[in-house]
Each structure stands twice: as structure tokens, then as C-alpha cells.
Amino acid sequence: MDNFVSYNPTALHFGKGVIDKLSETIPQYGKRVLFVYGKGSVKRSGLYDKIMSQLLKSGMEVFEYEGIKPNPKVDDVDAAAVIGREKNVDVILAVGGGSVIDSAKIISITIPVNHSAWDFYTYRAKPKVSVPLIAVLTLAATGTEMNPFAVLQNEKTGRKDGYRSDLIFPRHSFLDPEVTYSVPANYTAYGISDLIAHCFENYFSKGDCSLSDRFIFSIINDAVEWGPKLMNNLCGYDERAAIMYDATMALNLLTSNGKDGGDWGVHGMGHILSLLYEVPHGASLSIVFPAWMKLHCERAGERISRLGKNIFGTSDVDETIASFEAFFEQIGSPVRLSQVGIGADKHEAIIHLWIRNKAEGGNFKLKEYDYRKLIELMA
Ligand code: NZQ
Ligand code: ZN
């Protein structure tokens with residue numbers, strides 16, 4: 001087992017009606033709030049009005065940044081940070097999915113400085129302080145609500161990268177499963193794929209820790225049980241709650257203790273599909289992961305077999321991979337590039353960026369011929 005530090009300062013408020021407690025929590029951090037959200041779902045669902053009335057009732061002065069895009073862009077983060085700096089905000093409230101919360105995390109460390117957020121990603125700058133961040137999660141998938149990671153795209157440099165800092169953990173995250181009733185079927189399925197992929201990334205890590213592996217099997221088993229039930233009943237409270245809790249636990253560091261930080265090669269490759277063709281994050285992972293397991297069926301055979309035994313009751317490697325592929329298809333998450341409209345004419349561009357951006361794992365390294373084999377398996 002590898003050495004590790006276990007640290008997670010986020011207070012998680014989970015369940016029906018928890019958002020009503022926002023008006024008690026936010027004023028603890030000051031009066032001036034930067035309210036950050038996406039491209040319209042919070043307004044359509046009525047959540048915007050509900051939150052705004054709580055903010056105004058509790059005497060907050062509200063400044064807004066609207067329009068964070070899926071696969072969020074550093075330009076939006078820089079623009080929002082300017083507002084936060086000029087208005088001298090005390091606290092940030094992010095209401096949305098991973099894209100909004102990730103953006104808000106980086107806004108929180110960019111407000112106190114005088115340079116682009118991207119300087120953190122290139123390690124030209126290191127954050128020293130952050131504006132306190134409070135999150136309301138509207139989509140179960142990434143785990144960002146309780147972790148120190150944020151992923152941004154920089155279209156000018158052709159990169160989609162993750163960043164880690166203990167300064168960007170949300171202080172509080174509010175998770176009401178009812179808020180996710182309005183997530184459409186496709187994004188609901190991509191969220192399930194994403195949380196399972198987070199379990200895989202930690203499972204296929206270099207280090208060994210049997211308890212972390214057992215947490216991983218439990219989370220995947222729960223998602224495999226509740227995922228199809230949720231897809232059949234998108235407004236089921238128990239179904240939404242189970243998947244929401246699974247997603248938080250899948251990437252809040254619980255499953256990486258003693259495991260050397262995870263592999264993350266599949267995420268690196270998935271990010272390129274999002275960067276080039278706007279493939280939704282979870283969809284990119286359900287395409288790459290089965291192909292990646294097929295590529296590594298010998299090197300990672302023992303692990304895949306143990307995974308199969310604990311999830312599907314089979315130790316057969318091929319059967320395990322086929323079962324995951326069938327599961328992703330059953331819930332409506334794609335498993336081939338052709339299903340998201342990416343044809344053979346795009347393969348070279350994808351391989352080129354995989355190589356240029358060194359999209360490989362911490363444990364499983366990839367050579368050019370591996371990338372070529374992978375893309376064939378994904379076609
Ligand atoms: O923009 P709006 O209008 O809000 O619509 C969003 C968006 O179109 C919509 N949506 C969100 N909540 C909704 C809703 N629609 C109806 N009802 C609701 N309640 O869903 C669409 C997708 O939202 P997005 O935030 O992009 O999805 P997700 O939560 O999957 O986040 C994906 C981003 O997170 C990154 C990904 O790379 C991607 O950029 N990740 C972040 C991680 C982290 N910070 O730990 C780890 C992950 O591996 C991942 O890389
Ligand atoms: Zn992910």
C-alpha cells in the first residue's frame with residue numbers, strides 16, 4: 001500500500017430540500033456573492049429564481065456570470081474573474097454540473113491574482129489564496145463537488161487539462177437529488193459512465209490497496225444496480241439519490257488512498273475527443289474504456305478478471321469487458337466513435353493530439369502503435 005494523506009474539507013449537504021439552507025450558509029462568508037451558472041438549465045428548471053430569492057432575502061449583493069459552456073473554456077473563467085475582482089466579492093456560488101463548478105473553482109484562485117487562469121495550468125503561477133466557494137450540484141457525474149480537481153479547455157493552445165489544488169475544494173456542496181430530475185436521459189447516462197470510469201481509473205492505478213479496491217467494487221456495483229433503474233425512471237428520488245451519492249464517492253479521494261493517484265490515461269484520451277469534437281465527457285469515456293481494456297487484456301488481465309468476478313460474477317476477461325460494454329449500451333452511453341458521428345477520416349487528427357498531448361496513464365504507458373490499435377477498437 002502506498003503512503004497517503006487523507007484530507008477533504010468539503011461539507012456535503014445531501015438530500016431533499018437542502019438548498020433551503022443556502023441562506024444560512026452563504027452569509028457566513030460575507031455579503032458580496034458572485035453567482036456563476038451555465039447556459040440556461042437553471043433558469044428553465046426554476047432553480048435560479050429559488051436561489052436568487054434566498055440570496056436577496058438574506059441581504060446578499062449579487063453579481064452574476066452566466067453562460068459557462070459544457071467542456072468549459074478558460075476564456076469564460078478569466079472573464080468571470082475580472083467581474084469578481086472588480087466587484088470585490090467575498091464568496092462564489094456555483095450552480096450547475098461539473099463544467100460550472102470546475103470553472104468556479106478556478107475563478108476562485110484567479111480573482112486574487114492579475115494573470116490568466118491558464119498560468120496555473122502551465123505551472124507558471126501557483127495559487128496562494130482562494131475566494132470561498134459554495135456549490136449547488138445539478139448533475140451527478142464528475143465528483144467535483146467534493147474534490148480538489150478542475151478541468152478546463154484552452155482552445156488557443158489545443159489542450160483540455162486537469163488541475164489539482166487543495167485551495168479549490170468547495171467549502172460546502174449542496175446536493176438535492178430532486179434538482180437532477182430535469183437532467184435529460186443522455187446526460188444522465190453519461191454521468192453514470194463517468195462515475196464508473198473514475199472507479200476504473202483508480203482501480204487500474206500503480207499502487208495496491210485492497211480496501212480502496214473494495215470501495216471501488218461497491219460503488220460500481222451500486223451504479224450497475226441503480227443505473228438501469230434510473231434510466232427507466234428519470235424522476236425517481238431513490239434512483240437519482242443513489243447515483244448522485246455514487247458519483248460523489250467515486251471521485252472524492254476515498255478510492256485513491258494507497259493507490260498512487262490513479263492511471264487517468266483514458267480520461268486524457270477522452271478529453272481529446274471533447275476538445276476536437278465536443279463529445280460529452282462521460283460519452284467519451286464509455287467509448288474509450290472498453291477499447292482500452294481490450295488493448296490491455298494481457299497486461300491488466302488479472303485485474304480485469306478480479307473486477308469481473310466482483311461485479312458480474314465472472315473471472316473471464318473478455319466476458320467482463322463485454323459485460324461493461326453491454327451495460328454502457330443498455331443505459332444509452334455510446335461505445336463506438338461512429339455512434340457520436342466520428343468517422344475514419346478523423347482518426348489521424350485524434351491520434352496526432354493523443355501523441356502531442358501525451359494522453360497516457362500514470363501506470364499504463366502507450367506507444368504510437370497502441371494508439372493505432374485503440375482507435376481501431378473504438379471505430
Ligand atoms: O449549461 P446548462 O444549461 O446548465 O446545461 C448543462 C449542460 O448542457 C446540463 N445540465 C446540468 N444540470 C442540469 C442540466 N440540464 C438539465 N437539468 C439539470 N439539472 O447538462 C449539460 C452538461 O453539463 P456539464 O456541467 O458539462 O456536465 P458534467 O457535470 O458531466 O461536467 C463535465 C465537465 O467536468 C469535467 C469534464 O471534463 C467536463 O469538462 N470533469 C471534472 C472532474 C473534476 N472536477 O473532478 C472530473 C471528471 O473526470 C471530468 O473530467
Ligand atoms: Zn471523468
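**Close-up views of a predicted model**

View 1. The model is predicted: local features need pLDDT of at least 70, side-chain atom pairs count only at pLDDT 80 or more, and totals for chains, interfaces and linings use all residues. Residues are numbered from 1 along each chain as its sequence is written, and side-chain values use heavy atoms, leaving out hydrogens and water. Tyrosine 123 sits in the loop between helix H6 (118-121) and strand E5 (133-137). Helices (H or I, at least four residues) and strands (E, at least two) are DSSP runs, numbered from the N terminus. Phi of tyrosine 123 is near 60 degrees, a positive value in a residue other than glycine.

**View 2. Asparagine 88, between a helix and a strand.** The loop joining helix H4 (74-86) and strand E4 (91-96) holds asparagine 88. Phi is positive here too: near 55 degrees for asparagine 88, a residue other than glycine. Asparagine 88 counts as exposed because its relative accessibility is 56%.

**View 3. Serine 193 in helix H7.** Serine 193 belongs to helix H7. Its relative accessibility is 1%, so serine 193 counts as buried. Leaving aside residues up to four places away in sequence, serine 193 touches Gly282, Ser286, Phe328, Ile331 and Ser333. Contact means heavy atoms within 4.5 Å.

**View 4. Helix H7 against helix H10.** The axes of H7 (residues 185-203) and H10 (residues 265-277) come within 9 Å and cross at roughly 140 degrees. Axes are lines fitted to C-alpha atoms, for helices over the stretch in contact; angles run from 0 to 180 degrees between N-to-C directions. From H7, Asp194, Ala197, His198 and Glu201 meet Gly265, Val266 and His267 of H10.

**View 5. Phe204 and Trp354 in the largest nonpolar core.** This core has 97 residues, and Phe204 and Trp354 touch the most other members. A nonpolar core is a set of buried Ala, Val, Leu, Ile, Met, Phe, Trp, Tyr and Cys residues joined through side-chain atoms within 4.5 Å. The core lies between domain 1 (11-179) and domain 2 (185-378), because both give residues to it. Domain bounds come from an automatic or database domain assignment. Another core, of 21 residues, lies apart; Leu22, Leu47, Val91 and Val179 are among them.

Conventions: Chains are lettered from A and ligands numbered from 1 in the order in which they are written. Buried means under 20% relative accessible area, exposed over 50%, partly exposed in between (1.4 Å probe, protein chains only).
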